[in-house]
Amino acid sequence: MVYIIFPLIILIFFYFFSSKVSPIPYFPTNKADLDKIVKALHMKKYGVVIDLGAGDGTVIFAAAQKAYQDKLNTYFIAIDINPILIAYMWIGRLFHPNKANIRLILGDMFKVDYAPMLKKYSQRVFYIYISPWFTEATSHMIHDQKLKSRIVSYFYPVQDKKEDQKIKGVHDVYIYKS
Ligand SMILES: C[S@@+](CC[C@H](N)C(=O)[O-])C[C@H]1O[C@@H](n2cnc3c(N)ncnc32)[C@H](O)[C@@H]1O
């Protein structure tokens, strides 16, 4: 039995944390900062929140819970490249009170055509918690696709942009208005 479980644990660990599998490894947002992040998203009625590299859904599920309580009809899109994390979120979504407003996408965040998906929403917010060397690429992608959007970046500032607001936390939250 140990010959099966041990390699399995190594494999899962490698899959989640190796930069060979994903250049942006999986680390969940610190729960102590969740309320600040959800506030920073500035959710509006008929808006949309997109978590680029949503991981286990910590942020998207907390935000969807708050929108549900506040009766906001905000829509949520969680994108991740890791099928195990998408499967994990799929189970979490099943039991979420706001599940009708949560969409999960398995794929590479840099290869998604966002414009058709987001055009009907009056307010768009991208949440990112990704490696510092990808924040700039993400911001350029959002700009190049002409997606006038708010960007909320956790832990790392967007390299070539001056933030409009910075919220202090265990790790800081950087806000870029559209
Ligand atoms: C630091 S974690 C952040 C998780 C989550 N957003 C949170 O704040 O708790 C980064 C996530 O990005 C995902 N990821 C890495 N590269 C990606 C890509 N090209 N497209 C989509 N997701 C990606 C990883 O699988 C990982 O779950």
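These legends describe close-up views of a predicted model.

**View 1. Helix α2 packs against helix α3.** Helix α2 spans residues 34–41 and helix α3 spans residues 58–69. Their axes lie 10 Å apart, at an angle of about 65°. The crossing of α2 and α3 is right-handed. From α2, the residues in contact are L34, I37, V38 and L41. Their partners in α3 are V59, A62, A63 and K66. By class, this contact of α2 with α3 holds seven nonpolar residues, one charged residue and no polar ones.

**View 2. The buried side of α2.** Which residues of α2 are buried? They are I37, V38, A40 and L41. These residues lie on the same side of α2, because they cover an arc of only 160° around the axis. An α-helix has 3.6 residues a turn, so residues three or four places apart point the same way. The buried residues of α2 pack against α3 and against several strands: β1 (48–52), β4 (124–128), β5 (150–154), β6 (165–167) and β7 (173–176).

View 3. Most residues other than glycine have a negative phi. Y46 sits in the loop between α2 and β1. Its phi is also positive, near 65°. Is Y46 buried or exposed? Y46 is exposed, because it has 12 other C-beta atoms within 10 Å, and 12 or fewer counts as exposed.

**View 4. F155 in the loop between β5 and β6.** Phi of F155 is positive, near 75°, in a residue other than glycine. F155 has 20 C-beta neighbours inside 10 Å and therefore counts as buried.

Methods: Residues are numbered from 1 along each chain as its sequence is written. This is a predicted model: local features need pLDDT of at least 70, side-chain atom pairs count only at pLDDT 80 or more; totals for chains, interfaces and linings use all residues. Axes are lines fitted to C-alpha atoms, for helices over the stretch in contact, and angles run from 0 to 180 degrees between N-to-C directions. Helices (H or I, at least four residues) and strands (E, at least two) are DSSP runs, numbered from the N terminus. A crossing is left-handed if the near helix is turned anticlockwise from the far one by less than a right angle, and right-handed if clockwise. Two residues are in contact if their C-beta atoms, placed from the backbone, lie within 7 Å. Ala, Val, Leu, Ile, Met, Phe, Trp, Tyr, Cys and Pro count as nonpolar, Asp, Glu, Lys and Arg as charged, and the others, Gly among them, as polar. The arc is that of the directions from the helix axis to the C-beta atoms.
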